[in-house]
Amino acid sequence: MARSDNPFDARRRLGGCSCGAHADQAAHEASLPSGDAAVVRVVEAAMLRALFPHDAGRRAFLKSVGAATAAAAVAQFLPTQFVAEAFAEAGRPEMADLKVGFIPITCATPIIMAKPMGFYEKQGLNVDVVKTAGWAVVRDKTLNKEYDAAHMLAPMPIAITLGLGSNPVPFAVPAIENVNGQAICLANKHKDNRDPKNWKGFKLAIPFDYSNHNYLLRYYLAEHGIDPDTDVQLRSVPPPEMVANLRADNIDGFLAPDNIVQRAVYDGVGFIHVLSKEIWDGHPCCSFSVAQDTIREMPNATAALLRAILQATAYASRLENRKEIAAAIAPANYLNQPLTVVEQVLTGTYADGLGSVRKDPRRVAFDPFPYESFAIWTLTQMKRWGQIKGDVDYAAVARQVYRATDAAKLMKQDGLAPPEATTKTFVVMGKPFDPAKPQEYLDSFKIKRAS
């Protein structure tokens, strides 16, 4: 199914390459919507993929209720017309030459691929995607305006906005870069030590303190009775340096982006213990982030960037495009990884370092919508481990940071009522998370720093 096909047609397949209703592919493409209507279709398809991961479930639902009822029901939770308008054609960019910083990991796939595959150029932009050494450097260069926008870990804009680790500067997350796409990797010497309850004394690496890698690893350890602050050592290590540290026996393992994990397997120094999706299937990892004053100063340029990244994300969401994308982002100026490593990550067919080849098409997925519940969950973990002191207005912070634009203002200008919620519930290691009850969720944990 092409990106602009109608996802509310039960006869169509979201994962196929042709609808089967036309004489040839040229006729199929000619029948597709274009312009703003095409953007609406991309948004709708992303939403239905999130609601119905399995195509059979989507088709059964549509046959049961009908396309019109389904579209109306989905619009109650997310008004697709509004989201499309947020990314629709704007005025001429205030600046065409822009710099976007990134860390060389597959989590940044849409941001990176948009350069060699021409998505920025189609929006009239000349974007220099700048490979950067570490997350603190990305943060500082963005704060200093050396970068116009950046690939950041999803919690980083929250931390920057709250003044955690830096001066407080309001940041926004207009788009999530990837969901899933991480794993716990252990050194080969631990192949017979797979029970986390026996990991006391381990030295484990994470990319950054304000990362879902940190929070997911802490969550995983604590659920197995290991206090991450007293029973193990957690070290912040830039992702490109993790495999070398594992090889040198400086660490016992790490929770990191999948291309780093797969490189450890490729080099024969580590194995995949669990994928991050086995901890929380559908968790956010990285984000496209921009300072809110940059949005105000360059609204058209920011909109053009967002359109390019949204379109790149939609392209990356299709498995049949993953090998092409891997070839585009593997070279030295981007990921600097063997093509085999990048392909194994993006296609979901990979060696696990334990003698098996596994297949999981959702090992990494690309869905751009920044649900406020993602931010609320992150805030509960920041509070849980003592990064935030005192009371937290979870919903207010989430609304401030996790948004494409000022949603309420734009919707009112368009004559629409703001949505009541842009959140969803999910399950992390068997524990349901209700974004409306963050304090109850926080109180439920036995191992924590928060009082």
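How many of the residues of strand β9 (residues 253-257) are buried? I find that 5 of its 5 residues are buried, so to speak mostly covered, where buried means under 20% relative accessible area, exposed over 50% and partly exposed in between, with a 1.4 Å probe and protein chains only. For the record, this is a predicted model, in which local features need pLDDT of at least 70 and side-chain atom pairs count only at pLDDT 80 or more, while totals for chains, interfaces and linings use all residues. Residues are numbered from 1 along each chain as its sequence is written, and side-chain values use heavy atoms, with hydrogens and water left out.

**Strands**

I took strands (E, at least two residues) and helices (H or I, at least four) as DSSP runs numbered from the N terminus, and I counted two strands as paired if DSSP finds at least two bridges between them. Strand β6 (residues 182-187) runs antiparallel to β9 and is joined to it by 5 bridges, with I184 having L255 as its bridge partner in β9. Strand β7 (residues 203-206) pairs with β9 in the parallel sense over 2 bridges, and here A205 stands opposite F254.

I then turned to strand β4 (residues 171-176), where 6 of the 6 residues are buried, so the strand is largely enclosed by the rest of the structure. Its pairing with strand β11 (residues 286-291) is antiparallel over 4 bridges, and A175 has F288 as its bridge partner in β11.

**Ring pairs**

I counted rings of Phe, Tyr and Trp (its six-membered ring) as a pair if their centres lie within 6.5 Å, with planes under 30 degrees apart called stacked, over 60 edge-to-face and the rest tilted. A search of the whole structure gives 14 aromatic pairs. One of them is the tilted pair of F119 and Y315, at 6.0 Å centre to centre and 55° between the planes. F119 lies in helix α7 (residues 119-122) and Y315 in helix α14 (residues 299-316), so this pair ties together parts that are 196 residues apart in sequence. F119 is buried at a relative accessible area of 5%, and Y315 also counts as buried, at 18%.

Another entry is the edge-to-face pair of W280 and F374, with 6.1 Å centre to centre and 70° between the planes. It links W280, in the loop between β10 (270-275) and β11, to F374 in helix α17 (residues 372-384), 94 residues apart, and both residues are buried. W280 and F374 also belong to a cluster that ring pairs link together, with Y219, Y371 and W377 among its other members.

**Charges over rings**

I called a charge over a ring if NZ of Lys or CZ of Arg is within 6 Å of the ring centre and within 35 degrees of the ring normal. The charged end of K122 sits over the ring of F119, 5.3 Å from its centre, and that of R363 sits over the ring of Y350, at 4.1 Å.

Which residue did I look up in the loop between β10 and β11? It was I279, which is buried with a relative accessible area of 4%. I279 and V428 are 149 residues apart in sequence, and their C-alpha atoms are 6.0 Å apart in space.
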